[in-house]
Amino acid sequence: MKRIIAAVLILLMVLSPVSSDPIEYEYEPYEKEEFPIWSLELRRAESIFFGSLVITFPVAMGIYSLASSLGMPTPDEDYQRVLQQALIAGGLSLIIAGTDWIIGRVSGE
């Protein structure tokens, strides 16, 4: 039974590209006025927020480690510690994205 199911799955994977329609259109780049300004600002903020998490997560881990060694009370569960570090990192990333948005508004971009 397993061999029949495997054969059917392989057959479906091989035949599905054969039966699909070829692409009959060319890529069209987005026009400048195609999206509203708020969606472009939101996309920029999202990119900056998630991009800065790469930097803020190790910083948050360092801050958390330093604060706990200086006597900050820490939870007993590991998942709670990681959650607190993630919240610190998210807050720092939110501050970075918000700062970028404010700078963009002030400078008039």
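How many aromatic pairs does a search of the whole structure find? In this predicted model, the search of the whole structure finds two aromatic pairs. The rings of Y30 and F35 form one that is edge-to-face, because their centres are 5.0 Å apart and their planes stand at 70°, where an angle over 60 degrees is what counts as edge-to-face. F49 and F50 also form an edge-to-face aromatic pair, with 5.0 Å from centre to centre and 85° between the planes.

**Exposure of Y30 and F35**
- Y30 has a relative accessibility of 60%, and it therefore counts as exposed, for which the cut-off is over 50%.
- F35, with a relative accessible area of 39%, is partly exposed.

**The second largest pocket**
- Y30 and F35 both belong to the lining of the second largest pocket, together with S39, L40 and R43.
- The volume of the second largest pocket is about 160 Å³.

**P29 and the loop**
- P29 is found in the loop that lies between α1, which covers 2-19, and α2, which covers 37-69.
- The relative accessible area of P29 is 52%, and because exposed means over 50%, this residue is classed as exposed.
- P29 and L66 are 37 residues apart along the chain, and a distance of 48 Å separates their C-alpha atoms.

Notes: Residues numbered from 1 in each chain as written. Predicted model: local features only at pLDDT ≥ 70, side-chain atom pairs only at ≥ 80, totals over all residues. Heavy atoms only, no water. 1 Å grid on protein atoms, 1.4 Å probe; cavity = no way out; pocket = protein on both sides within 12 Å on 5 of 7 lines; lining within 4 Å. Points joined across faces, edges and corners; volume = space filled by probe spheres on them. Phe/Tyr/Trp six-rings, centres within 6.5 Å; stacked < 30°, edge-to-face > 60°. Buried < 20%, exposed > 50% of the residue type's maximum accessible area, 1.4 Å probe, protein only. Helix = DSSP H or I, 4+ residues; strand = E, 2+ residues; numbered from the N terminus.
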